[in-house]
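Please read them with the structure open.

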Amino acid sequence: MISGKARVAAVLGWPVAHSRSPRVHGFWLARHGVDGAYVPLALRPESAMQGLRALPALGLAGANVTVPHKETAFAAADLLTDRARRIGAVNTLIVQEDGRLLGDNTDGFGFLANLEQEAPAWRANQGPALVIGAGGAARAVVVALLEAGCPAVILGNRTRERAEALRLALAGVAPELAARVRVVDWDALPPEAANAALVVNTTTLGMVGHPPLQVDLEALPASALVTDIVYTPLETPLLAWARARGNPAVDGLGMLLHQARPGFEAWFGVAPSVDDALRRAVLEDR
Ligand code: ATR
């Protein structure tokens, strides 16, 4: 039951019906007995700026922002966190006490926090990271890995120019990070791939209804952590391949769950955690 004093947050997207965020936040609100609500709001692209800028006037505590509004949210924010500036997109908006909108990006945080929880040993491996894909998710992952001390990122994408554009955009805001990114042809991985500490698929390949990822990863060492940001299915062909050859593997669901933590804490004042009960609640068919 919520009272008239309930704090309200939302996820804004178009479409928004597929979003799992209401389940994540709904689970935590119930677990912690918070007087609050988290609702999906379908925000049309043509009204995106207007809708995002209206959050403070409506008295919302903030919102998550999903496809296709992450860049508009970046432009709509009055203030940005350093990581949002580096990623060039906003997935979490927090209404400040003075009514200003703070834009954050927690995708990279979620990616790393998930690895810390599921496979912390990857850090002991000093090799570069191999990132496949060059969309918005890739940029968040690249920034997070470089900030976490990964010595280098090898970036491969079907459309090589898009990977070059990602590196250039990063060079504009964080040249020290961009200097450690090397763009390669994704069908001809360089010899350093044989020392990779981890591989991340940030493309939609392997997702239900999409073809599997077909990059030749045979040179990967058996110690390399293989991760996917896809979580439908949890066991993508890439992860199944990795497990079969003995590599550690981590699925994409945890990134979704962990990226939600900073927003929940900011809006509702409780630091939530990610565990199996949450995973089950989020995966339940409804
Ligand atoms: P997001 O913001 O979630 O990362 P995106 O910006 O649409 O999504 O990026 C999708 C990524 O998946 C891109 O790296 C895209 O490669 P291109 O830049 O070459 O389009 C990749 N991708 C999608 N479908 C693909 C396919 N069939 N083969 C190879 N890569 C694909």
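1. Basis. This is a predicted model, in which local features need pLDDT of at least 70 and side-chain atom pairs count only at pLDDT 80 or more, while totals for chains, interfaces and linings use all residues. Residues are numbered from 1 along each chain as its sequence is written, and side-chain values use heavy atoms, with hydrogens and water left out.

2. Ligand shell. The ligand is surrounded by 13 residues, the closest being Ala134, Asn157, Arg158, Thr159 and Arg162; a residue is near the ligand if one of its heavy atoms lies within 4 Å of it. Seven residues of this shell are polar, four are nonpolar and two are charged. In these classes, Ala, Val, Leu, Ile, Met, Phe, Trp, Tyr, Cys and Pro count as nonpolar, Asp, Glu, Lys and Arg as charged, and the others, Gly among them, as polar.

3. An oxygen atom of the ligand lies 2.9 Å from a backbone N or O atom of Ala134. On its own the ligand has 640 Å² of accessible area (Shrake-Rupley method, 1.4 Å probe), of which the protein covers 69%.

4. Cavity. There is one cavity of 30 Å³ or more, a cavity being a set of grid points where a 1.4 Å probe fits but cannot get out. The largest cavity holds about 40 Å³ of space, counted as the space filled by probe spheres set on the points. Its lining (an atom within 4 Å of a point) includes Phe111, Asn114, Asp228 and Met255. Helix 5 (107–118) and strand 11 (225–228) each give two or more residues to this lining; helices (H or I, at least four residues) and strands (E, at least two) are DSSP runs.

5. Cis peptide bonds. Most peptide bonds are trans. The bond from Trp14 to Pro15 is cis, with omega near 0°, and Pro15 lies in the loop between strand 1 (7–13) and helix 1 (21–31). The bond from Val67 to Pro68 is also cis, with omega near 5°; Pro68 belongs to the loop between strand 3 (62–65) and helix 3 (70–76).

Methods:
A polar contact is a pair of N or O atoms within 3.5 Å; within protein, one must be able to donate a hydrogen and the other to accept it, and residues adjacent in sequence count only if both atoms are side-chain atoms. On a 1 Å grid over the protein atoms alone, a cavity is a set of points where a 1.4 Å probe fits but cannot get out, and a pocket is an open set with protein on both sides within 12 Å along at least five of seven lines; lining residues have an atom within 4 Å of a point.
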